[in-house]
Amino acid sequence: MPEASTATFEKDNFNAEKYVKNLVQDCVGGPELQQTKQKIQALSETVSSTLKKHVYENYMQFIETAKEISHLESEMYQLSHILIEQRNLLTTLRDESLLDDQKNIIEEQSLDPNVNEEQQNRKAIQLIKDSLVGYKGNLDDKVFIHEGGLIELDSNDYRPICRIHLFLFNEVLVLAKVRNEKKLEFQTEYETKKIAIINIKDLDGVNKNAINVITSDGARMFQCINSAAKQEWIDKFELAIKFHQLKKPKKAPAPQPPTSLKFDAPQKSTDSELLTLSPTASEMGRVIVDNLPPDWLVTAPEEIQAEIAQRHFEDCLALLQRCEAHLAQDSSCHGAGDIAEKLTTLKSSLASVLMHELSNSQSRSLQAALRSSRRPLKLLVEMGKSREACGILLRVCTSAIRTSQRQARRNNLAVSELFFCDVALVASEFLRAFSAKASCTSALIVWCNMELQYFAAQLIKHYLTKDTQLEMVAKVVEGVREPCLKLREIGLDLSYHLEGSLRATLGQLLDEARYRLVDSIGRTEDPWQPYNLQTKTGLRTVLKEFDVLGIDFRAYVTGDTWINLTQATVNFCRHLIQTTESCAYLAKYDSLQRDAELLIRELFLSQHSIKPPNSMNADMNFVAKNKSYMAEVLLPVAMSRFERIAGKKPELLAELHAQLRATVPPKPKPRSVYQTDVL
């Protein structure tokens with residue numbers, strides 16, 4: 001009787017069934033089996049107890065490990081906090097060092113305090129023009145307000161981009177890039193009446209002392225050296241904006257440009273002062289007081305600026321629309337013109353920020369770009385900026401689609417299906433966003449046509465090159481055609497444009513294939529003998545292969561391994577059917593049908609016209625039999641296969657078939673042949 005122990009069960013090659021069989025054979029009678037069963041039961045209980053003990057020990061070790069991990073996590077959090085503080089300190093030191101190196105142009109030059117402000121302004125402008133490289137604008141009639149060095153930040157991740165020097169005038173804002181040689185190279189300029197300044201809230205570890213300047217090109221973010229410099233820039237920008245407000249009186253002649261930039265705050269008349277006036281003036285004053293706008297309307301521009309800075313675009317637009325509705329109902333309230341002008345500027349600033357948000361999705365995948373574009377698109381449509389918004393969206397989609405196409409080609413993926421799926425996705429999202437704007441649909445159609453032309457050019461460049469095999473050409477074209485036709489489900493038919501883009505290239509490839517294939521006919525010498533497959537298995541394999549192609553050779557089988565046609569004829573049957581299939585796929589395009597049929601016709605005639613040389617003692621009845629088989633069996637099969645794939649009748653092949661039937665030679669006398677049971 002085998003001894004029951006844990007060592008027996010722990011072996012790698014332990015087999016329970018084999019162990020039980022040996023146990024039954026070695027044990028004599030039931031008592032021994034009962035004893036062995038009790039021993040195994042005792043071992044099971046021991047193992048179970050040991051397992052529970054180990055589980056408990058592992059559980060306790062797990063608890064201890066969890067405590068250690070908790071302590072370690074706390075220490076890592078403290079270390080992370082320390083590193084963040086160090087990084088903020090280093091960032092501050094770096095920014096201050098960068099900005100300290102950049103001195104102001106006007107402060108470095110000594111201006112004579114004894115001359116008047118107009119002369120000082122002219123001298124300051126001349127110094128600025130001398131320091132700027134590449135600037136060709138006119139600053140002579142401008143009033144200099146402020147200058148300073150800042151760091152331009154990326155609006156996505158607040159990463160420093162470059163050092164920028166700003167010159168603020170009453171009418172323009174000039175931006176210059178600081179080169180390594182500390183030279184100022186002119187970059188661009190903006191009209192101050194078309195810009196807005198937004199104070200950005202300081203975020204620890206991300207950005208500090210930053211301002212957002214909304215321009216006609218979008219939002220640009222700059223970082224100042226400290227909070228005092230930031231506040232000074234905000235005040236100076238407001239001063240420039242206030243200059244334009246003072247420059248536009250209601251019903252008075254245009255004022256002369258000021259020689260000083262000191263703006264005195266307007267004095268507000270109180271009720272007590274109004275009472276000291278004449279009765280008529282007092283009544284007029286009360287009318288003005290009674291006609292003041294509500295407090296929420298007065299503070300609305302500041303709230304809108306804060307909403308834009310915090311990216312609460314929906315609340316910002318709602319407040320704008322509320323202000324516009326109130327002004328439309330009560331346009332006679334005091335200061336309504338100034339408030340309306342501020343709202344117009346803020347509305348254009350909001351539109352610029354939204355378009356910038358829409359453009360920022362350009363580096364993402366198509367799906368991510370479309371998801372992130374829904375919010376700004378909806379708001380831009382409500383603001384009446386549909387034309388601009390659809391243009392930006394389509395540019396973003398172009399970049400995303402072309403990037404995905406390049407990645408698909410590198411990874412050898414199906415570029416055609418991917419492209420048309422992306423086009424369908426863009427079209428669906430576009431129609432959803434601009435469903436109420438029928439005028440934008442034309443932009444989508446133009447975009448689809450342009451992207452299709454670019455896709456066709458890339459397809460030709462990478463997949464339809466010269467000397468490409470005809471079978472591969474047909475595979476590529478069919479892979480393009482099927483997903484293109486699926487676009488009809490959403491009302492977008494690009495098949496005609498696709499055919500026009502590929503027509504010239506596919507025609508050239510068919511011509512090259514015709515010359516190449518026809519030239520290959522007759523290169524090998526044909527013995528003009530029946531085809532011997534050597535074995536019954538070989539014969540059976542060939543018959544099955546041609547069954548798939550729609551050709552049945554069973555009527556021509558003789559003996560055990562023979563086909564009563566030449567090997568060249570059998571091989572040509574395979575070659576012609578495969579070529580016909582490729583041509584039929586291309587012939588689905590109406591413009592390519594004749595070229596495709598011409599290739600098949602010339603290929604068939606080249607093989608059909610081959611004759612044995614005069615020096616060969618060939619059986620002419622056998623030669624006629626091969627030609628008859630090609631004309632009466634092979635050509636109809638090819639025509640049927642062409643029509644089934646292309647969905648069109650092959651007219652050239654039908655004419656060829658009629659001609660061959662009219663000139664068919666008399667059939668040879670039948671000969672008795674040996675039949676085999678291999679089939």
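Visitor: Does Asn 412 count as buried or exposed?

Guide: Asn 412 counts as exposed, at 66% relative accessibility. Here buried means under 20% relative accessible area, exposed means over 50%, and partly exposed lies in between (1.4 Å probe, protein chains only). Asn 412 is also a residue with a positive phi, about 60°, although it is not a glycine.

Visitor: What kind of model is this, and how are its residues numbered?

Guide: This is a predicted model, in which local features need pLDDT of at least 70 and side-chain atom pairs count only at pLDDT 80 or more, while totals for chains, interfaces and linings use all residues. Residues are numbered from 1 along each chain as its sequence is written, and side-chain values use heavy atoms, with hydrogens and water left out.

Visitor: Where does Asn 412 lie?

Guide: Helices (H or I, at least four residues) and strands (E, at least two) are DSSP runs, numbered from the N terminus. Asn 412 lies in the loop between α14 (386-410) and α15 (415-433).

Visitor: Which other residue has a positive phi although it is not a glycine?

Guide: Gln 534 does, with a phi of about 75°. Gln 534 lies in the loop between β9 (530-532) and α19 (536-548), and is exposed, with a relative accessible area of 60%.

Visitor: How many helices and strands does the protein chain have?

Guide: The protein chain has 23 helices and 11 strands. It holds 679 residues, of which 39% are buried.

Visitor: What is the strand order in the open sheet of three strands?

Guide: Two strands pair if DSSP finds at least two bridges between them. In this sheet the order is β9-β11-β10, and the pairing is antiparallel. At the edges are β9 and β10 (557-558), each of which pairs on one side only. Strand β10 is joined by two bridges to β11 (residues 562-566).

Visitor: What does Leu 506 touch?

Guide: A contact means heavy atoms within 4.5 Å. Not counting residues up to four places away in sequence, Leu 506 touches Leu 464, Val 473, Val 477, Leu 586, Tyr 589 and Leu 592. For the protein chain, consider contacts between residues at least 6 apart in sequence: 66% of them join residues at least 24 apart.

Visitor: Which residues touch the most other members of the largest nonpolar core?

Guide: In soluble globular proteins, nonpolar side chains tend to be buried together. A nonpolar core is a set of buried Ala, Val, Leu, Ile, Met, Phe, Trp, Tyr and Cys residues joined through side-chain atoms within 4.5 Å. The largest one here has 123 residues, and Phe 434 and Leu 506 touch the most other members. Helix α22 (residues 620-646) gives the most to this core, with 11 residues. Another core, of 21 residues, lies apart from it and includes Cys 162, Leu 168, Ile 211 and Ala 240.

Visitor: Which residues form a nonpolar patch on the surface?

Guide: Patches are made of residues with over 30% relative accessible area and no salt bridge; like charges are joined within 9 Å, and nonpolar side chains (Val, Leu, Ile, Met, Phe, Trp, Tyr) within 5 Å. Tyr 56, Tyr 59, Met 60 and Phe 62 form such a nonpolar patch, together having about 490 Å² of accessible area. Accessible areas come from the Shrake-Rupley method with a 1.4 Å probe; for residues, only the protein chains shown count as cover. Phe 62 lies in helix α3 (residues 29-100) and is exposed, with a relative accessible area of 57%.

Visitor: How many salt bridges does a search of the whole structure find?

Guide: A salt bridge is a side-chain nitrogen of Lys or Arg within 4 Å of a carboxyl oxygen of Asp or Glu. The search finds 21 of them. One joins Glu 118 and Arg 122, with the closest N and O atoms 3.4 Å apart. These two residues are four apart in helix α5 (residues 117-131), so about one helical turn separates them.

Visitor: Which parts of the chain are linked by Lys 588 and Glu 478?

Guide: The side chains of Lys 588 and Glu 478 form a salt bridge at 3.0 Å, N to O. The pair links distant parts of the chain, 110 residues apart: Lys 588 is in the loop between α20 (567-586) and α21 (593-608), and Glu 478 is in helix α17 (residues 470-486). Lys 588 counts as partly exposed at 27% relative accessibility, while Glu 478 counts as buried at 12%.
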